Amino acid sequence: MDGGAGIQPATLSALIALVREHTGIAMSDRKSSLLERRLRPRMLALDIGSYQGYVQRVRDDAAEVPHFIDLVTTNDTQFFRTAHVWEYVEREFLPRWWRERAGDTLRVWSAAAASGEELYSIAMLCDRFQAATPGFRYQILATDISRQMLALARAGRYAGRSVERLLATRPDWVRNYFTASGDGLQVVNALKQHVTLAQHNLLTPLKAPEKFAHQQFNLVFLRNVLFYFDQDHQRTVLQQVRHSMAPQARLILGESESITGLETACQFERPLIYTLDTQAP
C-alpha cells in the first residue's frame, strides 16, 4: 500500500469531489490527513494498495458508497450539549407548545442524529414533561446519512466520557433512563419506543417512515452540521428542512452556526434558535 506516501494531489481532489458528490460536505485539501486515517483501514480490508485504487472502487461499485459515507462523515455528539439549548426546550418550548397545542402529538426531528446522544436527550426531556403533564404525547424521528451511526443510535449503548459527564451532572436521570451494560449504560426501552430511526441525506427531500407520513415537525434539531456545507448546499439543506416544519416550528442549530444572510424562511428568535416564518413565500 502507498499509504505512507500520503494522498497525491490529483487523488485528493478526486476524493474531495466524491465526498461532495455523495454527502454534500465541502471538504478542503487540509483534510488530507483525516482522509488518510479514515480510509486506510478500509483499504487494507479490501486489499486495495492505493488511494487512487480506492477512488476507482467507489466510482465503480455502488455497494462501496455507503461504506465510504460512513468513513468520511464526522460524528461528534454528546448528551445535553450546550446547556442553554436544553434549558430553553425544557422550560420554555415544551410548556408553551402544550399551552397552545394541548391534545396534539409533539413531533421532533433530530436531523443529524449521529450515534444518538442528542435524540435520547430529547426523549428524556419529553418523558419528564409527560410525567408531569397528563395527555402529553411525543414522537421523535432521528435521521443520519451514516448507517454505522444509525446502528449505534439504535443500540442505545454508551460508555466513556459522555457517560461520565451524564453521571456527574444528571445522576437521577441516569437511574431513570439507563441500565448498566458492561462498562457502560444502556438506554431503557421506554425511551426507545418513542424513537424512529431512518437514513437520510439532508440535501434531499425527507422521505419519512410511515408513522410520520404527511406529518410536519414542531421542533427540529439541525445541530453542528451546516458548517460542513458551502453556502449553496446550506440553502438546499434549509429548504428541504423547511418543507418538513409545521407552522411556527422551532429550528435549533449548533453553537458555532448561523443562518443569518441565507435568505431562509426562519426568523431569528435567540442565539441558535429560529422560528419558521409562516408568512414567507
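Of the 281 residues in the chain, 52% are buried, where buried means under 20% relative accessible area, exposed means over 50%, and partly exposed lies in between (1.4 Å probe, protein chains only). This is a predicted model, in which local features need pLDDT of at least 70 and side-chain atom pairs count only at pLDDT 80 or more, while totals for chains, interfaces and linings use all residues. Residues are numbered from 1 along each chain as its sequence is written, and side-chain values use heavy atoms, with hydrogens and water left out.

**Overall build**

- The chain contains 11 helices and 10 strands; these are DSSP runs, numbered from the N terminus, with helices (H or I) of at least four residues and strands (E) of at least two.
- A compact globule of 281 residues would have a radius of gyration near 19 Å, and the chain agrees with this at 20 Å. The radius is taken over C-alpha atoms, and the globule rule is 2.2 Å times the number of residues to the power 0.38.
- Along the principal axes, the C-alpha atoms fill a box of roughly 60 × 50 × 35 Å.
- Among contacts between residues at least 6 apart in sequence, 72% join residues at least 24 apart; contact means heavy atoms within 4.5 Å.

**Surface and charge**

- The chain has 32 positive and 30 negative charges, and their mean positions are 4 Å apart. Lys and Arg count as positive and Asp and Glu as negative, without His and the chain ends; each charge is placed at NZ of Lys, CZ of Arg, CG of Asp or CD of Glu.

**Nonpolar cores**

- In soluble globular proteins, nonpolar side chains tend to be buried together.
- A nonpolar core is a set of buried Ala, Val, Leu, Ile, Met, Phe, Trp, Tyr and Cys residues joined through side-chain atoms within 4.5 Å.
- The largest nonpolar core has 49 residues, of which L39, F68, W109, L222, L251 and I259 touch the most other members.
- Elements that each supply at least two residues of this core include α2 (32-46), α3 (51-60), β7 (217-222) and β8 (245-253). Helix α1 gives the most, with 6 residues.
- A second, separate core of 45 residues includes A113, Y138, F178 and V195.
- Leaving aside neighbours within four places in sequence, W109 is in contact with residues including L141, H200, F217, F221 and V241.

**Two residues with positive phi**

- Most residues other than glycine have a negative phi.
- T82 has a phi near 70°, a positive value, and lies in the loop between α4 and α5 (83-101). Because its relative accessibility is 18%, T82 counts as buried.
- L272 has a phi near 80°, also positive, and lies in the loop between β9 (266-270) and β10. At 9% relative accessibility, L272 counts as buried.

**Two further residues**

- A180 sits in strand β4 (residues 178-181) and is exposed, with a relative accessible area of 72%. A180 and Y158 are 22 residues apart in sequence and 9.9 Å apart in space, C-alpha to C-alpha.
- S32 belongs to helix α2 and is buried, with a relative accessible area of 14%. Beyond its neighbours within four places in sequence, S32 is in contact with I7 and L12.
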